[in-house]
Amino acid sequence: MTSAFPGFGTVLNVLTVVVGAGLGMAVGHRLRAHTRDVVTDCLGLVTLLVAALSAFSVTDAALADAVGSGAPVLVVLGSLLIGSVTGSLLRIEERLEGLAGRVQGWVSRRSRSEGGTDHAARERFIEGWLTASLLFCVGPLTILGSLNDGLGRGIDQLALKAVLDGFAALAFAASFGVGVLMSAVSVAVVQGLLTLVGVLLGSVVPDAHIAALTATGGLMLVGIGLRLLRIREVPVGHMLPALIVAPVLTQLVVWLR
């Protein structure tokens, strides 16, 4: 599928998230609390499935060839540890919650669609924004699709991702409300930057680096799944720097071999 201009795939993806989230918000308030809890549990299980598929990239042949057969798991582990410690020192989770809380407060003053107490609405907004943003922005379709869009190789992958994200946004917004709608901004920023990288570099990022990033992101999605299932509040926000550390650490291992 050809693109009218670089970034068209991201525009399409953002539109499907907005439409899906809007439909979810329209019907979400009609669902009873225990029904929304069941929907959230389903989303948690599906998130774990997506996480498993992404984490399986640790077995990618390109990554094993680049860093050695015994190193991929260590690269992912090192990325998570370094990224999490860095994020904790920078207090990323708290800063994200503060930013989300300010955005939620701004939105709630203009919309009365969020029910419950102010604290409950804030928590619901943060959970929806963080969960949807990570789910929509981490994975092979996000990386490869955006890069290929920037390289002028078509938007087939982003078109598929747009359809999947639209349905996921509908389901998430029914439980979490307007926070999911705001994740469209995250999609626009992340995929827009990756598309720009594709335009500027003129070549695809090595498969090994993408595999390391995808596997690391998959484990972060496990944390999101555990939060959705109310098993453990994993501080996924602190782990975000790991997405930068993963390809950098992969390159360091390649140089040292």
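Val 189 lies in helix H9 (residues 178-201), where helices are DSSP runs of H or I with at least four residues, numbered from the N terminus. The structure is a predicted model, in which local features need pLDDT of at least 70 and side-chain atom pairs count only at pLDDT 80 or more, while totals for chains, interfaces and linings use all residues. Residues are numbered from 1 along each chain as its sequence is written, and side-chain values use heavy atoms, with hydrogens and water left out.

With a relative accessible area of 46%, Val 189 is partly exposed; buried denotes under 20% relative accessible area, exposed over 50%, and partly exposed the range in between (1.4 Å probe, protein chains only). Val 189 belongs to a nonpolar surface patch that also contains Val 185, Leu 193, Leu 196, Val 199 and Leu 200, with about 560 Å² of accessible area together. Patches are made of residues with over 30% relative accessible area and no salt bridge, like charges being joined within 9 Å and nonpolar side chains (Val, Leu, Ile, Met, Phe, Trp, Tyr) within 5 Å. Accessible areas come from the Shrake-Rupley method with a 1.4 Å probe, and for residues only the protein chains shown count as cover.

Side chains of opposite charge can pair when their charged atoms come close. A salt bridge is taken as a side-chain nitrogen of Lys or Arg within 4 Å of a carboxyl oxygen of Asp or Glu, and by this rule there are three salt bridges. One of them joins the side chains of Asp 41 and Arg 230 at 2.8 Å, N to O. This pair links distant parts of the chain, 189 residues apart: Asp 41 is in helix H2, and Arg 230 is in the loop between helix H10 (207-228) and helix H11 (236-239). Asp 41 is partly exposed, at a relative accessible area of 25%.

Helix H2 (residues 33-55) also holds Gly 44, which is buried at 0% relative accessibility. The C-alpha atoms of Gly 44 and Arg 227 are separated by 7.8 Å, although the two residues are 183 apart along the chain. Neighbours within four places in sequence aside, Gly 44 is in contact (heavy atoms within 4.5 Å) with Gly 225, Leu 228 and Leu 229. Arg 227 in turn forms a salt bridge with Glu 233, at 3.5 Å from N to O.

Asp 165 is buried at 7% relative accessibility, and Lys 161 is buried at 4%. Residues up to four places away in sequence not counted, Asp 165 touches Asn 13, Val 17 and Phe 136.

Helix H4 (residues 72-90) has 19 residues, which at 1.5 Å a residue should span 27 Å; its end C-alpha atoms are 27 Å apart, in agreement. The expected span is 1.5 Å times one less than the number of residues. Buried residues in H4 include Pro 72, Val 75, Val 76, Gly 78, Ser 79, Leu 80, Gly 83 and Gly 87. After H4 comes Arg 91, with a positive phi near 55°.

Key. Helices (H or I, at least four residues) and strands (E, at least two) are DSSP runs, numbered from the N terminus.
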